[in-house]
Amino acid sequence: VQLQAYGGGLVQPGGSLRLSCTASKSIFNKNVMGWFRQAPGKQRELVAAITNDGSTNYADSVKGRFTISRDNAENTVYLQMSRLKPEDTAVYYCNVPLSLSGEYVQLLWGQGTQVTVSS
């Protein structure tokens, strides 16, 4: 099973984007949901994760700029990205981590969505 992320694009520095990812109810309801990203030449990293009851964890580099949320009725997780920086440029993925740390994920990686921050 793979999850598909949507909402990427080209945005100027300081701009905003919202990513979304929908899972099946059986996957979504019982699990932590997470957003990850991989920049060229770098390892994939956790951006943010959220538990079923709303506890969150963020990478230090995005704290105060990104917000993860989930709509349990729609089985959808969102990543609101604000004050974007060129260093946020990456392919963004959603997945189901085993915990808020995001160290291990449960699903195969989908194709992700490209976010490019450039003037």
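These are my notebook entries on one predicted protein model.

**Ground rules**

I number residues from 1 along each chain as its sequence is written. The model is predicted, so I take local features at pLDDT of at least 70 and side-chain atom pairs at 80 or more, while totals for chains, interfaces and linings use all residues; side-chain values use heavy atoms, without hydrogens or water.

**Overall layout**

I looked up the elements and found 1 helix and 10 strands. Both are DSSP runs, numbered from the N terminus: helices are H or I with at least four residues, strands are E with at least two. The order along the sequence is β-β-β-α-β-β-β-β-β-β-β. The C-alpha trace spans about 40 × 25 × 25 Å along its principal axes. Next I checked burial: 45% of the 119 residues count as buried. Buried means under 20% relative accessible area, exposed over 50%, and partly exposed in between (1.4 Å probe, protein chains only).

**The core**

I turned to the largest nonpolar core, which has 31 residues. Such a core is a set of buried Ala, Val, Leu, Ile, Met, Phe, Trp, Tyr and Cys residues joined through side-chain atoms within 4.5 Å. Trp35, Leu79, Met81 and Tyr92 touch the most other members. Elements giving two or more residues to this core include helix 1 (25-28) and strand 8. I then followed Met81. Beyond four places in sequence, its contacts (heavy atoms within 4.5 Å) include Leu17, Phe66, Tyr92 and Val115.

**Thr76**

Thr76 sits in strand 8 (residues 76-81). Thr76 is buried, at 6% relative accessible area. Its side chain makes a polar contact of 2.9 Å with the side chain of Thr22. A polar contact is a pair of N or O atoms within 3.5 Å; within protein, one must be able to donate a hydrogen and the other to accept it, and residues adjacent in sequence count only if both atoms are side-chain atoms. The backbone oxygen of Glu74 also lies 2.9 Å from a polar side-chain atom of Thr76.

**Salt bridges**

I found 4 salt bridges. Each is a side-chain nitrogen of Lys or Arg within 4 Å of a carboxyl oxygen of Asp or Glu. Arg37 pairs with Glu45 at 2.8 Å, N to O. Arg37 is buried at 6%, whereas Glu45 is partly exposed at 34%. Asp88 pairs with Arg65, with the closest N and O atoms 2.7 Å apart. These two residues are 23 apart and sit in separate loops. Asp88 is buried at 1%, and Arg65 is buried at 7%. Shared partners join Arg37, Glu45, Arg65 and Asp88 into one network.
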